[in-house]
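The sequence and the structure come first, and the description follows.

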Amino acid sequence: MRKFPKNAINPIQTTKTKDLRLSRRMTFVYPTTSYKFSCHVSHLSSLRSKTKKKMQIHKYPFPPFSLNRQSTRKKLSQTKHHTFNAKSENSPLSLIGFHSSPHQSSNRCLLHFMLPRKRPDAVGGDSSDREGLLKKHRIDCSISATEKTTTATTTTAPTAKDGNYSGDVSNNSSGSSVVLEMASGNGNLSDIDEDLHSRQLAVYGRETMRRLFASNILISGMQGLGAEIAKNLVLAGVKSITLHDEGIVELWDLSSNFTFSENDVGKNRALASVQKLQELNNAVAISTLTTKLTKEQISDFQAVVFTDINQEKAIEFNDYCHMQQPPIAFIKAEVRGLFGNVFCDFGPEFTVVDVDGEEPHTGIIASISNDNPALVSCVDDERLEFQDGDLVVFSEIKGMTELNDGKPRKIKNARPYSFMLEEDTTNFGLYERGGIVTQVKQPRVLNFKPLREALRDPGDFLLSDFSKFDRPPLLHLAFQALDKFISELGRFPVAGSEEDAQKLISMATSINEASGDGKVDDINPKLLRYFAFGARAVLNPMAAMFGGIVGQEVVKACSGKFHPLFQFFYFDSIESLPTEPLEPSDFTPLNSRYDAQISVFGSKLQKKLEEARVFVVGSGALGCEFLKNLALMGVSCDSQGKLTITDDDVIEKSNLSRQFLFRDWNIGQAKSTVAASAAAVINPRLSIEALQNRVGPETENVFHDTFWENLNVVINALDNVNARLYVDQRCLYFQKPLLESGTLGAKCNTQMVITHLTENYGASRDPPEKQAPMCTVHSFPHNIDHCLTWARSEFEGLLEKTPAEVNTFLSNPNEYASAMRNAGDAQARDNLERVLECLDKERCETFQDCITWARLKFEDYFANRVKQLIFTFPEDAATSTGAPFWSAPKRFPQPLQLSTADLSHLHFIMGASILRAETFGIPVPEWAKNPRKLAEAVDRVIVPEFQPRKDAKIVTDEKATSLSTASIDDAAVINELIMKLEHCRKILQAEFRMKPIQFEKDDDTNYHMDMIAGLANMRARNYSIPEVDKLKAKFIAGRIIPAIATSTAMATGLVCLELYKVLDGGHKVEDYRNTFANLALPLFSMAEPVPPKVVKHRDMSWTVWDRWIVKDNPTLRELLKWLADKGLNAYSISCGSCLLYNSMFPRHRERMDKKVVDLARDVAKVELPSYRRHLDVVVACEDDEDNDIDIPQISIYFR
């Protein structure tokens, strides 16, 4: 068996990669739209974003606090873990809340919010009465609350024209409310806080965000589902949300709504929810309605969501919304136990602006025929993603210029590298070279039916599980029967009541009989019985899943971004029920916060949940959602249970838009500590321990054998593949189930790794990411990604690596010189040249020197290098085969001439000179940011004349991995450079050191992205590549992972539905589900996990899950005999990378009577700490017929 190389793992590192798994390709055609989506469905293999670079990110601290990451980690390491006793009054978050001043009158109180920065109004309004409030600091914001006695029926929701809003915070069942008048600002729609919303902007774009900021939403029904939807929309940043609920909080509700506490029991649900929701985003106006809702009250909303409404009333409200001009988007969603549904009606004609949110596909043209139809071939640099019927436009074509008119043209016969153009080009000019073909994304108009019609004729249901083809029509019937049951009896069916279940089945039968052509052949009484038992319960995992789906549908309704759900979606997870039959007594309420969950699963499974020992790895967006779900479910809430969470990261501002357990005042604090304390507030019985350790080989003293052996389940909430692989190996080793998930924008996936039942996470690997050849990035870029890759590389070389290399030399010149001489290669020579250049010709002593350096860099990068390139390879140059050198995908460049009148040129000089000054510790004068004065300083720089060299070597080999070429004179050159460096050092002050600059993308004041965007765009201008703004440059160069709260919520909800199965035990592999979902399409694909590969030998069999254990500290001879007794002839035994035994080496026979553990200590130099009780060895074996047999890893127990 191949042993996973632990030393190759560097988990929870700064390079993050979202991993989406999927396999067995199928094509889905979306009903009524003919929209095709091709994907895999049987198990989770690899799926990558087309822009793979966006799937990596480097993390750094939140800049305004000048937080040093290393010092922060050092402080965290001094207090490695915190144990939160949620019952303690000293829990860090127990003091958070509203504080009223005792000396205020009864009509006014002072509320102190510590919330995210307020965003100005989406649409300007009268803000003169709030001018004073706007001057207050964003962290310590005083907000007055004036009690206004009004009935809820006369309360008006905020409109798009109204900058004010009201928010109820007191319990007032009569409908009167306390109104929060928030300072919302008076800005305009362009004021998007990019630091806060950068990951969301990467998914939606600015225009969609602006539409969200102007949207007013009504959510009716504030049980668990309503709270989840509201949370996702508050994080998304809509303009206002009005919460409506006439009911009061019951103890029952505490297992699904994270905003409720036991102190809220008896209060109105909407009023009890507003405070916690408002804390998530102070820029969103949140108000409440607490009495009966009327049609007139919903007229000012762009979208209305109902989560607890009877069918008759839903039809009435939907008819009203459908007839409005413009229509009001209507969404009805229900969660009933392990069953749920969504219905969407966005009006008779709803325009989808962007059906999938993907960037338009492009291709680089290689040839175009003069035919009818014309054949267009593209270079094989990357596969085309066009589909038959797509519209495309052409640009930059030389020769056949008739196609450059910008007219969209239809294609057919799309192939990986070619397609047919439905146009006659026989009379067009002959194609010469060049050209880009770009997909034109067309809007799509959808015709929604109102609920009244859709109930009778639902059309095609959106399917999620191909093993349940017949399920949606049956659930469509079941929910109608439940509505009839409630309307006739005035209550839900009682859990465990066979009488109520039979009544519901009878009602379903009668409705079915009257359905005519829509009649269901088999109403499945067993399924309806389960449905009836859990009908009253709102389970948190179901609420989280549907909260993500519905939240995304609201975003679609308000923006036209992504394809809406059309129109019904039904889902069930009855596989989550316990495998053992339940008695009616198992459903008996215990007067606890978990009674809703008990009504579905019984009290025995609830006990298992409470006693579970769970390890959550990661406390980011997924981790926060998991902690909330686990706390509400009661996981690890017994004295025997324990939840351990670890994350070595700290909170940054950009986290706040989706990692909802964090607040503005938590920035710079440890994620795991803050998240653990917040979860303890959600459920005071939660037993949780927060650690700040990364999970990897270097922390096996913390996460030791005993730790892993005591776990029941591991939940990954990670953001990089290496860490996932390490945790996967640990779970395999200790035979612990692993619940895996990941997100990428609107996509999410889940993978269940179940002991002995499924393959492990690492069983399938992604192919290595395709990297652009070095010569392409440095000399022949043909897209903006190449330019940004080059720009970031230059940034790090100039401002981080070279200054660090200088400091290494200055700290110990003799040792540095010796190391360079010993290396004696081209890399050592290049390092010395860069250090010498930095300390000699390019040393800066004044800010004018920094401007000179920046000006000359501009000339070098964008003029001289290009002049040299086109001198070496002129436009008519040919390859050795006679083909044009500058053929696609190469683009012929043109040098730039700096102009101080061009602000982009000047801005590059400004950013580069300021950063250069920072590395040399030179103060930046105020005038440096004045364009006129800076231009004057730039004009003073003398730029030397450039003469191209005939002997210049430019790398064109796509397989080359380095631009440096070795020389026989390297050693002599290195000695000469060292001598020059020593001379430079003597004229420097002894304490002189440079300040390396580490790239930080999330601080718009540090000029890092200004310089990178400037470098990339000037280079793009050289090669006639479309330029990008700073935000788009940040996404690509910063390798920002697109992320939104909705897909995160859905993924964690699905995982927690699987957690019920894991902790119950006894489920078969066919009961588990892996999922891939794309909320943009929407697409939900669920399938059974793939079982592990079975190896058989004689009467034995094993899988990757098996580990053979040999006890009593055997000798090498005893181990060989133990294997021989199984018919296995061992010919090689290794420990780590060291060979302990090989049958081919006669001297190894002398080791036969030594203990295996002693051989590991003596030969492999293995250190065995006191907490380690065993040693792992890898054994290569063959059977009696000399066939290699792949056996499990062997653990030698010596203590």
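## Cis peptide bonds

P373 is located in the loop that runs between β14 (362-368) and β15 (374-378); helices (H or I, at least four residues) and strands (E, at least two) are DSSP runs, numbered from the N terminus. The peptide bond joining N372 and P373 is cis, and its omega is about -5 degrees. Another cis peptide bond leads from L1081 to P1082, with omega near -15 degrees. P1082 belongs to the loop between β28 (1074-1078) and β29 (1083-1087).

## Basis of the description

The model is predicted: local features need pLDDT of at least 70, side-chain atom pairs count only at pLDDT 80 or more, and totals for chains, interfaces and linings use all residues. Residues are numbered from 1 along each chain as its sequence is written, and side-chain values use heavy atoms, with hydrogens and water left out.

## The chain as a whole

The chain contains 30 helices and 37 strands. Of its 1199 residues, 59% count as buried; buried means under 20% relative accessible area, exposed over 50%, and partly exposed in between (1.4 Å probe, protein chains only). Among contacts in the chain with a separation of 6 or more, 75% are made by residues 24 or more positions apart, where contact means heavy atoms within 4.5 Å.

Two strands pair if DSSP finds at least two bridges between them.

L218 has V304 in β10 as its bridge partner.

## Aromatic pairs

A pair of aromatic rings is described by the distance of the centres and the angle of the planes. A search of the whole structure finds 47 aromatic pairs. Rings of Phe, Tyr and Trp (its six-membered ring) pair if their centres lie within 6.5 Å; planes under 30 degrees apart count as stacked, over 60 as edge-to-face and the rest as tilted. The ring centres of F346 and F448 are 5.2 Å apart and the planes stand at 40 degrees, so this pair is tilted. The pair links distant parts of the chain, 102 residues apart: F346 is in the loop between β12 and β13 (350-352), and F448 is in the loop between β20 (444-446) and α7 (451-456). F346 is buried at 3% relative accessibility, and F448 is buried with a relative accessible area of 4%.

For F615 and W708, the ring centres are 5.7 Å apart and the planes are at 80 degrees, so the pair is edge-to-face. F615 lies in strand β22 (residues 613-617) and W708 in helix α16 (residues 705-709), so the pair ties together parts that are 93 residues apart in sequence. Both residues, F615 and W708, are buried. Elsewhere, ring pairs link F306, F317, F330, F339, F343, F461, F479, F531, F568 and Y570 into a cluster.

An unreviewed UniProt entry carries the annotation "active site" for C775. UniProt positions are given in the numbering used here, feature names are shortened, and annotations may be inferred rather than shown by experiment. C775 sits in helix α18 (residues 774-779) and is buried, its relative accessible area being 4%. Leaving aside neighbours within four places in sequence, C775 is in contact with F780, V955, T956, D957 and E958.

K890 lies over the face of F780, at 5.3 Å from the ring centre. K890 also lies over the face of F885, at 4.9 Å from the ring centre. A charge sits over a ring if NZ of Lys or CZ of Arg is within 6 Å of the ring centre and within 35 degrees of the ring normal.
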